[in-house]
Amino acid sequence: MLNLVIALTVGVAVGFFMPSGFMSKPKSLIFYTALLGLLFFMGVNLGRDPELLSKLAHFGIISLVMSFTVVVFSVISVVVLVKLFSGQKQ
């Protein structure tokens with residue numbers, strides 16, 4: 001966990017000193033490729049678990065409600081943060 005915090009902190013520090021629009025297209029491509037890779041390997045890990053379906057049925061409706069709540073509030077948070085930070089640049 002500390003490695004993630006350090007990587008995020010270094011990224012924020014580096015991004016603070018770079019001009020806006022610096023490597024925007026390659027950065028978007030790298031981000032998109034990394035996201036696809038992350039989702040791919042998450043799918044591989046899920047697919048390797050032979051008891052996945054029985055585990056999902058065992059977790060029940062509470063896990064479904066919790067995951068739906070996390071997704072909804074994550075989307076709301078992203079929308080609020082994008083509106084907050086996009087308003088400061090203009």
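**The largest pocket and its setting**

Modeller: Helix α1 gives the largest share of the lining of the largest pocket, 5 residues. Helices here are DSSP runs (H or I, at least four residues), strands are E runs of at least two, and both are numbered from the N terminus. This is a predicted model, in which local features need pLDDT of at least 70 and side-chain atom pairs count only at pLDDT 80 or more, while totals for chains, interfaces and linings use all residues. Residues are numbered from 1 along each chain as its sequence is written, and side-chain values use heavy atoms, with hydrogens and water left out.

The volume of the largest pocket is about 450 Å³. Its lining has 14 residues, and those closest to the centre are G11, G15, M18, F22 and K27. By class, the lining comprises 8 nonpolar, 5 polar and 1 charged. Here Ala, Val, Leu, Ile, Met, Phe, Trp, Tyr, Cys and Pro count as nonpolar, Asp, Glu, Lys and Arg as charged, and the others, Gly among them, as polar. A pocket is an open set of points on a 1 Å grid over the protein atoms alone, where a 1.4 Å probe fits, with protein on both sides within 12 Å along at least five of seven lines; lining residues have an atom within 4 Å of a point. Grid points are joined across faces, edges and corners, and the volume is the space filled by probe spheres set on the points.

As to the setting, the protein has 4 helices and 0 strands. The domain assignment, automatic or from a database, gives domain 1 (1–48) and domain 2 (51–89). Their C-alpha centres lie 19 Å apart. G60 follows α3 and has a positive phi, near 85°.

For the protein as a whole, 0% of the 90 residues count as buried. The radius of gyration is 18 Å, whereas a compact globule of 90 residues would have one near 12 Å; the value is taken over C-alpha atoms, and the globule rule is 2.2 Å times the number of residues to the power 0.38. Along the principal axes, the C-alpha atoms fill a box of roughly 50 × 25 × 25 Å.

Methods:
Buried < 20%, exposed > 50% of the residue type's maximum accessible area, 1.4 Å probe, protein only.
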